[in-house]
Amino acid sequence: MRLLLSVPLSVCEAHGAVKRLLHSDLYNTFFTCDPKGSHLGSGGGTSWLLERCYQSERNDSVTTEDDDDFEGWLLREQRIIIHSGGQSRRLPSYGPCGKLLLPVPVFRWSRGQTCDQTLLDLQMPLYEEVMRRAPSHLRTLVSCGDVLILLNQPLPPAPEEADVVCYAVREEVDRLRNHGVFFLSHEAPDELDMMLQKPSIREIHEYTANRRCVMDIGLWLLSDRAV
């Protein structure tokens, strides 16, 4: 399993100093940043990260022509993509390192945690569990690096036939307006009807007149075809 991280430019420039924090010793980790002077967002950032990792492997290894095919490269293994290259406007002190490396105190009565743990340390077990349970064709997990997801119940199974699986939770309308919101039809509650990013309360009420709504938690599974 590969771990692909999108990080701030300052982290890329301090490559050697942060390798341990980015789990380079535990995972086959690749990390890079957005092109200087640009902010690609989650979609563009995912494409950029995959392309840079693919090209890096091609440059570092001697392979046959068939092995150089991007689709063949996707088939090789599962990968976890985490985006943490944002500007951290709400937590500016962690802008240089990215919120992924934000230090998190040990939880009271917890086991297995460490005094120097980061947000990445706490989230990796969940991501690995998601990938273990995912159908074989869903090989790519995409997540944002500024969330802490704590489960109080087992993960629901991912649909076998889906190319894109999005995880979400139910929340009050006042909280939904600050996040991505999925709208689901009552006839097909497991299928996405539409999505809005940080909608107004008026928009939420308008679209929930004949739909259900849930909050995107920033955890998606993609098939190779979706990638």
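User: How many aromatic pairs does the structure hold?
Analyst: The structure, which is a predicted model, holds five aromatic pairs.

User: Where do F182 and W220 lie?
Analyst: F182 is in strand 6 (residues 180–185) and W220 is in strand 8 (residues 211–222), so the pair ties together parts that are 38 residues apart in sequence.

User: And F182, buried or exposed?
Analyst: F182 is buried, at a relative accessible area of 3%. W220, by contrast, counts as partly exposed, with 28% relative accessibility.

User: Which residues do ring pairs link into a cluster?
Analyst: Y54, F70 and W73 are linked into a cluster by ring pairs.

User: What lies over the face of W73?
Analyst: R79 does, at 5.4 Å from the ring centre of W73.

User: Changing topic: what span should helix 5 have?
Analyst: Helix 5 (residues 119–133) has 15 residues, so at 1.5 Å a residue it should span 21 Å. Its end C-alpha atoms are 22 Å apart, which agrees.

User: Which residues of helix 5 are buried?
Analyst: They are L119, L120, L122, Q123, M124, L126, Y127, V130 and M131.

User: What do the buried residues of helix 5 pack against?
Analyst: They pack against strand 1 (2–6), strand 3 (79–83), strand 4 (140–144), strand 5 (164–169) and strand 8. Strand 8 also holds W220.

How values were computed
Residues numbered from 1 in each chain as written. Predicted model: local features only at pLDDT ≥ 70, side-chain atom pairs only at ≥ 80, totals over all residues. Heavy atoms only, no water. Phe/Tyr/Trp six-rings, centres within 6.5 Å; stacked < 30°, edge-to-face > 60°. Helix = DSSP H or I, 4+ residues; strand = E, 2+ residues; numbered from the N terminus. Buried < 20%, exposed > 50% of the residue type's maximum accessible area, 1.4 Å probe, protein only. Lys NZ or Arg CZ within 6 Å of the ring centre and 35° of its normal. Expected span 1.5 Å × (residues − 1). Contact = heavy atoms within 4.5 Å.
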